[in-house]
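Subject: Structure handover

Hello,

Please find the structure below, followed by notes on what turned up in it.

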Amino acid sequence: MSRTNGQWRLARRPVGNFQDGDFTWCEEPVPALGDGQVLVRIVYLSLDPTNRIWASQDSYLPAVKLGDVMRGGGIGVVEESKNGAFAPGDVVQGLLGWQQFYVSSGSDLQKLPKLPVPLDAWSGLLGAIGLTAYFGLLEIGQPKAGETVVVSTAAGAVGSLVGQIAKIKGCRVVGLTGSDEKCEWIVKDLGYDAAINYKKENVAEALRKHCPKGIDVYFDNVGGDILNEVLGQIALRARIVSCGMISGYNATTPPPGPSNIINLLVRRGRMEGFIVLDYLSRAEECFRELIPWWAAGKLKYRVDIADGLESAPKAVLRLFDGSNAGKLIVRVSPEPS
Ligand code: NAP
């Protein structure tokens, strides 16, 4: 019996936040496989702030073409294979798209190794999120024990791992996030030394209070005003990891540059951009550290699951209003038993 593949296709370039009508729901039959092809049933689709960038402009990847299935990372299970490298039941990851099934030549799929972690850990702890936190902080930020590390989106998927890894490395860690509940969670459950609710508090004053010796490492996920306030308080030879600029992803005019940038000069600081794709080949090295930390209870992650592919266009908005509690994913179909 022929099966249907439900898909979200990009209908138009978003202006501001995603809106109704930016995506169109389509259904088409799952095609019969040709030689060398693999059919993947998607289990978890990752929703990421970068979806907004991919939908609107060329960046580190080309913009999604209008009419194409929306790009998205995902985890799935091989259902059929005419490719000797994959067998039914294999669990794979890749850019599987906002759809229920993905037909691949195999070259863009990675088979997930059997590791002692639940499947959702590939979304919230390992995969791109873990690599981003681990290599961004340790390679670009180079924190040393005793230094002060500040993290924005501190309760989010990447930020929450960054803060905990910085604690494991012996740093004093201050997190910025947008609600009292998230502030409480990162201090009480994740062990941050202090949290700042940037929506309620005066950020400059709060940073002065919690970082009396200045900021040695800033893991920047937001850009904008918060980056500027941090620049105003960096310590000598500070490192700023430019990982994300979510405060500007929905901007319709370019945000102004940070007026405190002169501090990079006078305090001999370094600010360096970072894209996780450059570190994919080093995944094993990262997982060898993350998994024991997680197993020992030193590194926690949480996933926030939206049910059903149909929910994706509404669910992705939660990344921009801050209502996601952890790594946001869509459960497209049940996990394999
Ligand atoms: P996330 O933190 O789980 O979710 C996004 C969070 O951003 C929201 O929960 C909200 O948290 C915060 N936010 C939304 N709008 C904001 C605004 N205008 N100002 C300040 N904060 C805002 O998402 P994630 O996947 O971990 O991504 C976090 C950042 O890392 C993003 O900038 C993303 O683009 C970046 N990233 C970069 C790479 C790379 O390779 N460079 C890879 C992955 C992710 P609050 O409640 O705290 O406001």
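Arg9 and Glu28 form a salt bridge (a side-chain nitrogen of Lys or Arg within 4 Å of a carboxyl oxygen of Asp or Glu), with 3.6 Å between the closest N and O atoms. The pair links distant parts of the chain, 19 residues apart: Arg9 is in strand S1 (residues 4-10) and Glu28 in strand S2 (residues 23-29). Helices (H or I, at least four residues) and strands (E, at least two) are DSSP runs, numbered from the N terminus. Glu28 is partly exposed, at 34% relative accessible area; buried means under 20%, exposed over 50%, and partly exposed in between (1.4 Å probe, protein chains only).

Before the rest, the conventions. This is a predicted model, in which local features need pLDDT of at least 70 and side-chain atom pairs count only at pLDDT 80 or more, while totals for chains, interfaces and linings use all residues. Residues are numbered from 1 along each chain as its sequence is written, and side-chain values use heavy atoms, with hydrogens and water left out.

The whole structure has 19 salt bridges. One of them joins Arg282 to Glu139, with the closest N and O atoms 2.9 Å apart. Arg282 lies in the loop between strand S13 (270-273) and helix H9 (283-295), and Glu139 in helix H3 (residues 127-141), so this pair ties together parts that are 143 residues apart in sequence. Arg282 also pairs with Glu285, at 2.8 Å between the closest N and O atoms. Partly exposed residues here include Arg282 at 27%, Glu139 at 34% and Glu285 at 32%. Elsewhere, salt bridges link Arg3, Arg41, Glu79 and Glu80 in a network.

On the cysteines: there are 0 disulfides (pairs of cysteine sulfur atoms within 2.5 Å) in the structure. The closest cysteine sulfur to that of Cys171 belongs to Cys211 and is 12 Å away, too far for a bond. For Cys183, the nearest is again the sulfur of Cys211, at 14 Å. Cys171 is buried at 3% relative accessibility, and Cys183 is buried at 11%.

A nonpolar core is a set of buried Ala, Val, Leu, Ile, Met, Phe, Trp, Tyr and Cys residues joined through side-chain atoms within 4.5 Å. The largest has 53 residues, and Leu47, Trp98, Val150 and Tyr218 have the most contacts inside it. Beyond its neighbours within four places in sequence, Tyr218 has contacts (heavy atoms within 4.5 Å) with residues including Val150, Ile226, Arg239 and Val241. A second, separate core of 52 residues includes Ile75, Leu137, Val149 and Leu299.

Regards
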